[in-house]
Amino acid sequence: MSTPMTSMQRTLTTLGHQEPDRVPLFLLTTMHGARELGLSIQDYFSRADNVVEGQLRLLARFGGDCLYPFAHAALEHEAFGGEVIFSDNGPPNAGAPVIRQPQDIDRLQPPRVADCPGLQRTLQAQRALKARVGDTVPIVGVVMSPFSLPVMQMGFDRYLELMHEQPGRMAQLMRVNEAFAVEWGNAQLAAGATFICYFDPVSSSSIVPPALYRQIGQPVAQRTLQALHGPSATAVASGRCAPIVADIAATGTAALAVSGLEDLAALKAAARGRLALLGNLNGIEMRRWTPQQAEAAVKRAIAQAGPGGGFILCDNHGEIPWQVGDEVLHAIADATRRWGRYPLQWVTEEAWEPEAA
């Protein structure tokens, strides 16, 4: 019997569009570490050592293939001087916009990572996790796209107006956000992150037309990702992306996290050889799954995108909801180990169809 791969070997083989020993599983649990330690979500994220301990316990409990010390998207809003609003049973959210009128952009400067305590806590957690696992388990870093961050910085409606009506200020805001994103991403890579997840929901075809993405979002992504000192994966955070798969591949990103709303097999065909795929278990539905439903969803996703490699199983958003319990997470992990082992002979032998699950 061959020696099982480490999580890092399994992931790198997959990103190289080859078949590893089994489909990698990224259980992107951010808040569940608080439950493991008996802490509130706010207290959990207040100390780097809490996140380190929580992530290591979750890795041991469920046997996933990555560590995910991401705190919350509002961390970057906080770096620009914004407020973070905590919840007892959900992810922290951004408070009032820091850009209250377009003229504020003229004076906006990128924050220094060294001056932001919240960012420093994340870097501390990444360094500690790297010291514990070395090169055996991927550590996922996160950067909000410069094209998507303004939703928190100024609000969705004002941002859309800026995008269409004030191209000069829009360009200036992108310059500021790009400078911050590059410094923040490279700081995480230096701290031990294996790759950067580039969260870019505004680029999704569910939010802006593909032509607008090609005009603004894609050039921003190209400049930002090319300035990073390591690889990246792009996530459109539950939104649709089928019309822009080739455009996303052209940014230089190595992988694409995709929505549960789309045809995973069709996306696999479109991305083959250019992008590995991550996805696409529906996190909202996951809250109500039975173990049997979890296994069926895992089996369906692996059948659609697993053959040939290039597929990492995870949720469709980049954060599993707080309300998803251990029973379902165990069922997802067990089903991945059962149905994800290569070669995927059962896909052919059972003439498997999505409706059969």
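## The largest pocket

Strand S2 (93-94) and helix H7 (150-154) each contribute at least two residues to the lining of the largest pocket. Helices (H or I, at least four residues) and strands (E, at least two) are DSSP runs, numbered from the N terminus. The model is predicted, so local features need pLDDT of at least 70 and side-chain atom pairs count only at pLDDT 80 or more, while totals for chains, interfaces and linings use all residues. Residues are numbered from 1 along each chain as its sequence is written, and side-chain values use heavy atoms, with hydrogens and water left out.

A pocket is an open set of points on a 1 Å grid over the protein atoms alone, where a 1.4 Å probe fits, with protein on both sides within 12 Å along at least five of seven lines; lining residues have an atom within 4 Å of a point. The lining here has 35 residues, and Ala73, Asn93, Ala237, His317 and Glu319 lie nearest the pocket's centre.

## The second largest pocket

Among the residues lining the second largest pocket are Gly260, Glu262, Trp289 and Arg300. Strand S7 (276-281) and helix H14 (291-305) each supply at least two lining residues. H14 gives the most, with four residues.

## Ser148

Ser148 sits in the loop between strand S3 (140-144) and H7. Ser148 is buried, with a relative accessible area of 3%; buried means under 20% (1.4 Å probe, protein chains only).

Beyond its neighbours within four places in sequence, Ser148 is in contact (heavy atoms within 4.5 Å) with Phe199, Asp200, Pro201, Val202 and Ser203. The Ser148 side chain reaches the backbone nitrogen of Val202 at 3.0 Å.

Definitions and conventions. Buried means under 20% relative accessible area, exposed over 50%, partly exposed in between (1.4 Å probe, protein chains only). A polar contact is a pair of N or O atoms within 3.5 Å; within protein, one must be able to donate a hydrogen and the other to accept it, and residues adjacent in sequence count only if both atoms are side-chain atoms.
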